[in-house]
Amino acid sequence: MNQNILRLYSTDGCHLCEQAIGMLYYAKQHGDIDLNLPIEFVDIIIDPKLVAQFGDVIPVLQRLSDEKTLNWPFEYETMVNWIKAK
């Protein structure tokens, strides 16, 4: 598995998740993060364990390289700096 992957835990109908997704795409389009950085989108509704773990805190970003997470709320600059930290 490619460890240079971001994972976003979210679900349909979550307006905060939509904001986080928009921020990620904006960051890619404007060169603030690598355009080719893979992002996995995981809908927590598919697994009751994910609902229990993330249901109250989504959207949640996770870097697979170190499994660290960034929970909402986060500002754009905070998100970009967190993604770039390795």
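Arginine 7 and glutamate 40 join their side chains in a salt bridge of 2.8 Å, N to O. A salt bridge here is a side-chain nitrogen of Lys or Arg within 4 Å of a carboxyl oxygen of Asp or Glu. The pair ties together distant parts of the chain: arginine 7 lies in strand β1, glutamate 40 in strand β2, and 33 residues separate them. Helices (H or I, at least four residues) and strands (E, at least two) are DSSP runs, numbered from the N terminus.

This is a predicted model, in which local features need pLDDT of at least 70, side-chain atom pairs count only at pLDDT 80 or more, and totals for chains, interfaces and linings use all residues. Residues are numbered from 1 along each chain as its sequence is written, and side-chain values use heavy atoms, leaving out hydrogens and water.

**Salt bridges and burial**

The whole structure holds two salt bridges. The other one joins the side chains of aspartate 66 and arginine 63, at 2.8 Å, N to O. Buried means under 20% relative accessible area, exposed over 50%, and partly exposed in between (1.4 Å probe, protein chains only).

| Residue | Relative accessibility | Class |
|---|---|---|
| Arginine 7 | 17% | buried |
| Glutamate 40 | 27% | partly exposed |
| Aspartate 66 | 31% | partly exposed |
| Arginine 63 | 7% | buried |

**Cores**

Nonpolar side chains tend to be buried together in soluble globular proteins. A nonpolar core is a set of buried Ala, Val, Leu, Ile, Met, Phe, Trp, Tyr and Cys residues joined through side-chain atoms within 4.5 Å. The largest one has 17 residues; Leu6, Leu24, Leu61, Phe74, Met79 and Ile83 touch the most other members. Strand β1 (6–10), helix α1 (15–29) and helix α3 (76–84) each give two or more residues to this core. A second, separate core has nine residues, among them Tyr9, Phe54, Ile58 and Val60.

Contact means heavy atoms within 4.5 Å. Setting aside residues up to four places away in sequence, leucine 61 touches Leu6, Arg7, Leu8, Leu24, Lys68, Thr69, Leu70, Phe74, Met79 and Trp82.

**Glutamine 62**

Glutamine 62 sits in strand β3 (residues 60–63). It counts as buried because its relative accessible area is 11%. Its side chain makes a polar contact of 3.1 Å with that of tyrosine 9. Such a contact is a pair of N or O atoms within 3.5 Å; within protein, one must be able to donate a hydrogen and the other to accept it, and residues adjacent in sequence count only if both atoms are side-chain atoms. Beyond its neighbours within four places in sequence, glutamine 62 contacts residues including Ile5, Leu6, Glu67 and Trp82.

**Backbone**

Most residues other than glycine have a negative phi, and most peptide bonds are trans. The bond from isoleucine 58 to proline 59 is cis, with omega near 0°. Proline 59 lies in the loop between α2 and β3. Tryptophan 72 and proline 73 are also joined by a cis peptide bond, with omega about 10°. Proline 73 lies in the loop between β4 (69–71) and α3. Glutamate 67 is not glycine, yet its phi is positive, near 65°. Glutamate 67 belongs to the loop between β3 and β4, and it is exposed, at 60% relative accessible area.
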